[in-house]
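Reader: Could you walk me through how to read charged pairs and nonpolar cores in a model like this one?

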Amino acid sequence: MEKVKETAEKIRTMEIRGAGRIAKAAAEAIRDYAAELEVTSFEEFAARINEISSYLISTRPTAVSLPNAVKLASRYSSKNVEGARQEIIENANLFVGRADKALGKIGKIGSRRIMDGDVIMTHCNSHAALSIITTAFEEGKDISVIATESRPRRQGLLTVRHLNGFGIPTTLIIDSAVRYYMKDVDKVVVGADAIAANGALVNKIGTSQLALAAHEARKSFMVAAETFKFSPSTILGIPIEIEERAASEVVDPSILTELSNVQVKNPAFDFTPAEYIDMIVTDIGIIPPAMAYTVIKEYLGWEFEEI
Ligand code: RUB
């Protein structure tokens, strides 16, 4: 239990962050918990796995990769403890292996759409988006990147550090400079925390303004998303919850004590409508946003009663 709590805390405090890494960490936590779980009955085993699954899912509400990973990892059909334990270990390992492979596939497929000389704008810190950019560069394409700072947590600093490590020429800008620089951009490449059944994208707050500016300037807007970022519950009409984070991430709380009429809002993600998205690069190929429903039904293998 202690190890799961540690992982959950790291996800909550964003020491582990980014939808893909959150998913992998949760699958590994369930696997390790199941492997060491000491119980006296199968019913107790099932109840403890359920409890730990809900606990992990509660850490961050928006990234659908988290409940998807937990569901895929904690599946079992055996009706005895040892059988179920082995199934969970195997399913969790399968998920982690597939997640790692998916990043490579997205990089390979997406990089084919990056041309020599392209200037790419990206937002926040997405390993899927970075996989496309670094693969294109390693293929010998002469590209450069404009990366947003991504207030308030400044994940853009992680992105520029990553790109610098590859030797990719990179410009760091503040979020409000996105439209100003769009004229210099050829393609926007961003990641995903969730993709709804109607093809709408949920990603770091500010993503929709990149999409809007790209649309206005007729620049291509590409999303990099593993299939486990697609949201099954949106088929049933359950909306994706946007995480609201602490005001202290935006402004020093001592300033607010003097300003009794002021409140701070800090949504961590926003929605980009499907019509602003040119393509979604997934591990099963490039798809239009209109195919989101098919991905959920065909590739996530979700049954309606399971949702
Ligand atoms: C991170 C974020 C990323 C997606 C995709 O938000 O919005 O773009 O999670 O990342 P936060 P990846 O920092 O709040 O977790 O492609 O690495 O899964």
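Reader: Let's start with Glu 139: buried or exposed, or partly exposed?

Author: Glu 139 counts as partly exposed, at 44% relative accessibility. Here buried means under 20% relative accessible area, exposed over 50%, and partly exposed in between, with a 1.4 Å probe and protein chains only. Bear in mind that this is a predicted model: local features need pLDDT of at least 70, side-chain atom pairs count only at pLDDT 80 or more, and totals for chains, interfaces and linings use all residues. Residues are numbered from 1 along each chain as its sequence is written, and side-chain values use heavy atoms, with hydrogens and water left out.

Reader: Which residue does Glu 139 meet in a salt bridge?

Author: The general idea is that side chains of opposite charge can pair when their charged atoms come close. The rule for a salt bridge is a side-chain nitrogen of Lys or Arg within 4 Å of a carboxyl oxygen of Asp or Glu. Glu 139 pairs with Lys 141, at 3.3 Å from N to O, and Lys 141 is buried, with a relative accessible area of 19%.

Reader: Which parts of the chain does the pair of Arg 179 and Glu 216 link?

Author: Arg 179 sits in helix 8 (residues 178-181) and Glu 216 in helix 9, 37 residues apart, so the pair links distant parts of the chain. Helices are DSSP runs (H or I, at least four residues), strands are E runs of at least two, and both are numbered from the N terminus. The closest N and O atoms of this bridge are 2.8 Å apart. Arg 179 is exposed at 57%, while Glu 216 is partly exposed at 46%.

Reader: How many salt bridges are there by this rule?

Author: The count is 16. Arg 60, Arg 153, Glu 243, Arg 245 and Glu 249 are linked in a network of them.

Reader: And the nonpolar side: which residues of the largest core touch the most other members?

Author: In soluble globular proteins, nonpolar side chains tend to be buried together. A nonpolar core is a set of buried Ala, Val, Leu, Ile, Met, Phe, Trp, Tyr and Cys residues joined through side-chain atoms within 4.5 Å. The largest one has 31 residues, and Met 121, Val 188, Ile 195, Phe 221, Val 223 and Phe 230 touch the most other members. Helix 9 gives the most to this core, with four residues. A second, separate core of 22 residues includes Ala 34, Ile 49, Ile 52 and Val 70.
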